[in-house]
Structure formats: structure tokens, C-alpha cells
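Please look through the sequence and the model before reading my remarks. They are written as numbered points, so that each can be checked by eye.

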Amino acid sequence: MQRRIRTRFAPSPTGPLHMGGVRTALYAWLFAKKNAGDFLLRIEDTDQNRFVPGAEQYIIDALHWCGITIDEGVSVGGTHTPYRQSERKEIYRSYAMQLVESGNAYYAFDTAHQLEQQRKNAEEKKETFSYGSATRMKLNNSLALSVDEVKELLSKNVAYAIRLKIPENETITFTDLIRGVVSFDSNLVDDKVLLKSDGMPTYHLAHIVDDYLMEITHAIRGEEWLPSAPAHILIYRYLGLTAQMPHYAHLPLLLKPDGKGKLSKRDGDRLGFPVFPLEWKDPSTGEVSSGYRESGYYPEAFVNMLAMLGWNPGTAQEIFNMNELIAAFSLDHVHKAGARFDLEKTKWYNTQWMLRQPNEAIAKRIKPMVATRTGISADDVRLSDNYLTACVALLKPRVQFEKEMPEKGIYLFKAPSEYDQTVISKKWKTEFISFFKMLSDEFMTLQDWSSQLAEQTFKTTAEKNNIKPGEVLQLFRVFVSGQAQGVDLFPMIQLLGKDEVIKRLETALKFV
């Protein structure tokens with residue numbers, strides 16, 4: 001009988017959730033949903049020294065904003081409680097002791113000072129210290145000590161860690177769902193700490209016990225865990241759980257924009273983009289880190305961008321909603337190489353998703369921003385739903401974020417008080433004054449007002465004045481909007497209305 005697909009996301013609550021972590025959760029979620037399975041959220045908080053208040057709730061909120069639903073875990077409960085590792089302490093100890101009793105793990109009584117001295121000694125020889133098969137018999141552990149010495153230390157409650165005993169001269173092999181067959185030389189693998197001296201497990205033991213007890217079938221995680229995979233394979237073997245071991249898939253790194261190294265918060269600070277889904281305020285320092293949500297990104301755009309960072313559908317399609325991502329997703333199309341973050345492409349995704357938003361919905365969202373920016377009273381027609389919706393239709397192709405609309409489209413709400421001097425200096429001729437006065441008069445006589453009629457009147461008036469329309473077109477834009485560029489000109493003229501356009505023309509001519 002085939003096991004039900006179950007994936008998990010198991011972050012540590014040590015701060016805000018990096019976008020690389022969100023991508024890991026997204027891929028695990030997509031894989032589970034594609035296969036009609038379950039997605040679990042587990043909190044790996046065994047390192048109490050690095051615990052940050054508020055980080056767990058931040059993780060839950062971030063996943064919720066992204067549309068990643070949790071079937072089982074810390075925020076929703078389930079049949080495999082508890083879902084915080086700090087609340088499962090005694091469970092892990094029994095598995096650690098099982099490994100000690102079978103001879104596959106051992107007590108290590110080395111103090112932090114002793115281990116630091118070993119590292120310094122190795123550095124003096126220009127070597128790197130590793131606690132493993134080459135060094136363990138010279139160190140303070142139950143393999144190197146006599147049985148009586150070990151008993152005495154245990155009876156005196158001397159602090160100890162439990163370490164995995166890595167075999168010598170063995171090739172450890174497993175099949176990664178992304179990278180294929182991967183092999184490791186056991187002599188290059190260190191004896192991982194399984195249980196720390198404070199009784200808390202490390203990730204190496206805890207995630208294996210939890211994955212087994214929670215019936216996880218596929219462990220999808222970051223590439224940084226690949227070097228630890230051989231130790232994890234051995235733990236499953238030594239516990240007699242090889243048949244229950246989940247399939248591993250190690251995702252490629254998210255790289256800096258230049259492709260050189262892992263994307264970090266510092267890169268975002270330096271280059272001006274968020275690396276976290278939501279804004280984060282550090283509870284100890286008060287430092288605020290920007291988030292995609294607060295920067296104006298749609299969650300659909302953020303998720304769409306993340307999905308394509310390291311995966312492709314095998315087609316030319318780039319825009320996916322969640323249901324489309326679920327249908328198209330496959331670990332077979334996840335890349336092995338790192339994925340380079342591209343800020344401009346990220347903005348492009350947001351633009352594409354903005355174009356798919358209903359104009360009416362955007363109009364409601366920008367209404368308070370327009371009111372704040374312009375000081376227009378609430379009953380002004382320029383804050384009406386119809387007018388704002390028409391503004392959104394014009395502005396959509398010109399902006400990347402909704403929040404840019406009130407500023408970049410300010411001329412749709414307020415007559416200009418300044419005019420682009422570069423255009424005026426370059427384009428203005430004194431003989432044009434008769435053209436613009438005639439244009440104002442011609443506009444005044446129009447009974448109907450539309451972009452087509454306004455444009456035709458503009459061209460006809462130019463011909464009457466022996467002027468090519470192109471000579472005065474940009475001046476006309478500047479006189480009406482104050483700016484050299486902006487939304488489509490004649491649709492803007494139609495939206496502003498005849499009286500407003502004539503008024504603006506007359507004001508601009510006085511200025512010139």
C-alpha cells in the first residue's frame with residue numbers, strides 16, 4: 001500500500017523568515033498539494049540560546065500571507081502533537097540512548113574549553129579540527145576512556161553530549177530527488193552531536209525522530225544540509241528505520257544578484273530590496289527590516305517569482321496562480337545550480353500581477369493614499385469610485401506598484417504648479433501662443449468631449465496654424481500635466497474634462 005504523501009517545513013524561530021526559507025516551504029507545499037498530500041509546519045526550537053520572541057508567529061503570518069496553507073502543525077494542531085521540538089525533549093533522549101546502547105553513538109565529556117583548545121592546536125598546524133574517526137580516540141569520550149572511567153563520570157553527573165559514531169572507510173550513498181545519486185566518503189564526515197549537554201537534541205537527531213513519528217515521506221530542504229545527509233542516512237540505518245526514511249530533495253541556493261554567493265539580508269540592505277516576506281522589527285535592537293508586503297508587492301507576485309527561482313515548468317509560461325503552480329510543479333524540474341535573484345524581474349512580476357487586478361479594487365485601495373497626498377476632500381468627484389477607477393486604468397501601464405499611483409499620477413488630481421522647463425526651453429516658440437489660444441477656443445466650442453474628438457481638434461488646429469502636430473504635442477502635455485511624460489495623453493484629456501483642460505491651458509499660457 002502506497003504511503004500518503006506528507007511534507008513538512010521546519011524552520012527555527014531565530015528571527016524573520018528569509019525568502020529562501022519561504023521558497024523551501026513553497027516547494028514542499030506545492031509537492032504535497034500536487035500529490036493530494038499533507039503539509040506540516042514544525043518549529044525546530046532546540047537551540048534556546050538563539051530563540052527570538054515573535055519569530056514563530058512571524059513564520060505563521062508569512063506563510064499565511066503567501067497563501068501557503070498548513071494542514072497540520074503548530075498553528076492548527078493535529079494527531080502528532082506537540083509540534084515544537086522544545087516540547088518533545090524526552091522523546092529524543094530515548095532514541096539517542098538506543099544509539100549508544102547499540103554502539104553507534106557514544107558519550108562525549110569534552111568541555112567547550114577543551115574543544116576550543118583542539119581547534120587552536122589545529123589552526124597552529126594550519127589544519128581544521130574535526131571530531132571524528134581520526135581524532136575521537138584522543139579525546140575525552142566513552143570510546144577512548146575505560147568502562148570504569150565512563151561509569152564514574154556518569155555517576156558524578158558530569159555533563160556530556162552524545163555523538164554519532166561515523167564508520168571508517170565507508171562510502172555512504174543515497175538518491176536525492178533533485179541531484180540523483182550522491183556519495184560521500186565517511187572519513188570526511190564528522191561525528192555529529194545528537195544530544196547536547198543540556199539534554200536538548202540537535203537538528204541531526206530531532207528532525208529524523210520527528211520525520212519518522214510524523215510519517216513524513218519527502219524531506220525537502222536547502223542545499224546547505226547536503227553535507228550532513230550521510231550522517232542522517234546512518235542514523236536511519238542504526239535506528240532500523242531505513243524503510244521509513246523519507247525521500248530527500250536538496251534545493252539549490254538563492255544567489256546574490258551578481259550570482260556570487262548566497263543571498264543575504266545585507267545584500268538587500270545594500271541594494272535596496274527586501275529579503276523577508278513581511279516587515280520585521282528586531283525585539284532586541286529595534287532595527288526594522290523591510291518586507292515584500294510592506295514594499296507594495298502582491299503575495300501572488302512574490303510567490304510566482306519565488307517559484308521560478310530554481311524551478312521551471314518546462315514551457316514558456318511565466319505567470320502562474322497557485323492552482324496553476326500546483327498543477328505544473330515537479331521536483332524533476334528543480335535546478336541543481338543556484339538561482340540568481342533579479343530585482344528587476346521581481347518588479348516585473350509585480351507589474352504583471354497588477355495588470356490582472358480589477359481596476360475597481362485598486363481604486364479603493366489607493367483612495368486614502370490619494371486623499372493624503374492631495375488634500376482633496378472626501379466628497380470631491382476626484383475621489384469618487386468612477387474617477388479613481390478611470391485613473392487606475394490609465395496609470396496601470398506606467399507603474400510597478402499601486403502605491404506609486406498617487407505620486408506618479410498627481411496631475412490627474414491636481415493642476416500643475418510647475419512645468420517641465422527642459423521641454424519648454426527646447427520646444428517653445430513665440431508663434432505657438434496663437435495655436436494654443438485657438439486650441440483653447442476650439443475646445444470651448446465642442447459639444448461632446450472624448451479623447452478621439454480632442455485629438456482630432458488638436459491636429460486640425462495645428463494644420464490651421466501651419467504647425468506639425470508633433471511640434472506642439474509634448475508642450476501640450478506639459479501645459480496640462482506639468483510633466484514631459486505620463487499616461488496616454490488624449491485619454492487623460494478626456495478624463496480631466498473640457499473645463500479643467502481649458503483652465504490648465506490658460507494658466508500655462510500665462511506662465512509661459
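Predicted model: local features only at pLDDT ≥ 70, side-chain atom pairs only at ≥ 80, totals over all residues.

1. Residues are numbered from 1 along each chain as its sequence is written, and side-chain values use heavy atoms, with hydrogens and water left out.

2. A search of the whole structure finds 31 aromatic pairs, where rings of Phe, Tyr and Trp (its six-membered ring) pair if their centres lie within 6.5 Å, and planes under 30 degrees apart count as stacked, over 60 as edge-to-face and the rest as tilted. Phe-435 belongs to helix H16 (residues 432-445) and Phe-458 to helix H17 (residues 451-464), so the pair links parts of the chain 23 residues apart, helices (H or I, at least four residues) and strands (E, at least two) being DSSP runs numbered from the N terminus.

3. Phe-443 and Phe-476 make a tilted pair, with 6.3 Å centre to centre and 45° between the planes. This pair links H16, which holds Phe-443, to helix H18 (residues 469-481), which holds Phe-476, across 33 residues. Ring pairs also link residues into a cluster that includes Phe-435, Phe-443, Phe-458 and Phe-476, with Trp-428 and Trp-449 also among its members.

4. The charged end of Arg-163 sits over the ring of Tyr-131, 3.8 Å from its centre, and Lys-345 lies over the face of Tyr-349 at 5.7 Å from the ring centre. A charge sits over a ring if NZ of Lys or CZ of Arg is within 6 Å of the ring centre and within 35 degrees of the ring normal.

5. Strands S6 (residues 171-176) and S7 (residues 180-185) run antiparallel and are joined by six bridges, where two strands pair if DSSP finds at least two bridges between them. They form a hairpin with three residues between them, and Asp-176 stands opposite Gly-180 in S7.

6. Helix H1 (19-34) is among the elements that supply at least two residues of the lining of the largest pocket, and H1 gives the most, with four residues.
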